[in-house]
Amino acid sequence: MIRQISEILTLSGAAKKKGRHVQEADLEFLKNQALWIKNGKIQWLGPDRRIPKAATNSKEISAQGKTVLPGFVECHTHSVFAGSRAHEFEKICQGMSYSEISSQGGGILSTLHPTRQASFAELVTKTQKHVDLFSKQGVTTLEIKSGYGLNLKDEIKLLKVAGAMSGPRIVRTFLGAHAKPPEFENLEDYLEELENKYLAYIKKNKLADRVDIFFEKGFFNGAPAVKYLRAARKLGLDLVIHADQLSLSGGSEVAISLGALSADHLIQVREPEINKLANSEVTCVLLPAADLYLRCPYPPARKLIDAGARVALATDFNPGSSPTQDLALIGLLARLEMKMSLPEVISAYTVGAAHALNLATKVGSLEVGKYADFLITEKSWTDLFYSVGQMGPFEVYQQGQKLNDV
Ligand code: NIG
Ligand code: FE
């Protein structure tokens, strides 16, 4: 039982609106509340003076003078990798583009070799550090993609590493269709192999519930990519798409037509795609740190939100296009560069991201029946997503269990 909560943001209004057209009032601020947790879920939430009789023997924690809010949902990361791409970042600073680096065999393939060489144990140690850094910043649900193994053995290794993490709830995504590995002559043959040999194995062994693809010119696109995604969907795997990041390659249209959970990046979308996205159930996952690092334009967040799209924000943490795990930086870029309001940012990092992971009935807002994933902070909600490098400190609870010591 969390008692005497000075202020709680339940986000129940934003959840009711499914993350669309979120206003400040949708954060649902309540004063002097108590939160009763049973079996990892929220059993009751209400005025501190009115706690139910059945709760009187519960262990009590005071949140006097403190703010309580839902745990953050980080819905797009490439957290399992080895090696560094710092040398390539210097080239980007000198004016080279991400596509040029990739076409010269760098980019994703630079990370492939050290990641294949790393042992399971090495990757577990490295990845757990990344996971802990997310958790410290208030992340209670974390998505992790594979995509730097690009052969069956190593992709399985990466998904198992993600499954071995402790701390936040982990959602795993299979991103075999990230880039063409050197063993294959052409992209179509590799996609065929993924479709025929990988998907069923991943489904059968419950290594991931979701399949992602880098839908982009020079990577995967057009009919072969759609065929692959259909095969994944047929097996009951959810779809997510890296869409319209470097060029308008049709990824968001495909996301809509195949009923993907999310379309991610969306830098290049214009009016027609914006309207279609807004009228669909696809969550628009915006990743502004990648845009900062690659010196790309930011996605049209304002237009998407005003048209009624549901937006989520995430770090896109990876060693190339977004070597940062800083949630505050993401929110700050959204506020400063994408003209999102603070309530929109908070909703995007909770309710919006919960939809992107198909977990909206369980996480993202503090309501009876949902998981007790929440944060306690001495700061006010207006201090969130403001100072780079300074999310928190938070006391982080996931399913009612404390994940950290502040
Ligand atoms: O989201 N766009 C494709 N994938 C990543 C980049 C991964 C990498 O460069 O290693 C992204 O930006
Ligand atoms: Fe990504």
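**View 1. Gln43, a partly exposed residue in a strand.** Gln43 is partly exposed, with a relative accessibility of 37%; here buried means under 20% relative accessible area, exposed means over 50%, and partly exposed lies in between (1.4 Å probe, protein chains only). Gln43 belongs to strand S3 (residues 41–47). Strands (E, at least two residues) and helices (H or I, at least four) are DSSP runs, numbered from the N terminus. Between the C-alpha atoms of Gln43 and Ala55, twelve residues apart along the chain, there are 9.5 Å.

A word on reading these views: this is a predicted model, in which local features need pLDDT of at least 70 and side-chain atom pairs count only at pLDDT 80 or more, while totals for chains, interfaces and linings use all residues. Residues are numbered from 1 along each chain as its sequence is written, chains are lettered from A and ligands numbered from 1 in the order in which they are written, and side-chain values use heavy atoms, leaving out hydrogens and water.

**View 2. The iron ion (ligand 2) and its donors.** His76 (NE2), His78 (NE2), His242 (NE2) and Asp316 (OD) coordinate the iron ion at 2.1 to 2.2 Å. Donors are N, O and S atoms within 2.8 Å of the metal (3.2 Å for Na, K and Ca), and water is not among the atoms, so sites may look incomplete. Along the chain, the donors follow the spacing H-x1-H-x163-H-x73-D. Distant parts of the chain are linked here: His76 is in the loop between strand S6 (72–74) and helix H2 (86–93), and His242 is in strand S10 (residues 238–243), 166 residues apart. His76 is buried, at 0% relative accessible area, and His242 is buried too, at 3%.

**View 3. The surroundings of ligand 1.** Ligand 1 is surrounded by 14 residues, and the closest are Arg85, Tyr98, Tyr148, Asp316 and Ser321; a residue counts if one of its heavy atoms lies within 4 Å. From an oxygen atom of ligand 1 to an N or O atom in the Tyr98 side chain is 2.5 Å. A nitrogen atom of ligand 1 lies 2.9 Å from an N or O atom in the side chain of Gln245. The protein covers 100% of the 320 Å² of accessible area that ligand 1 has on its own (Shrake-Rupley method, 1.4 Å probe).

View 4. His265 sits in strand S11 (residues 262–265) and is buried, at 2% relative accessibility. One of its polar side-chain atoms is 3.0 Å from an oxygen atom of ligand 1. The side chains of His265 and Asp316 make a polar contact (3.5 Å), a term for a pair of N or O atoms within 3.5 Å; within protein, one must be able to donate a hydrogen and the other to accept it, and residues adjacent in sequence count only if both atoms are side-chain atoms.
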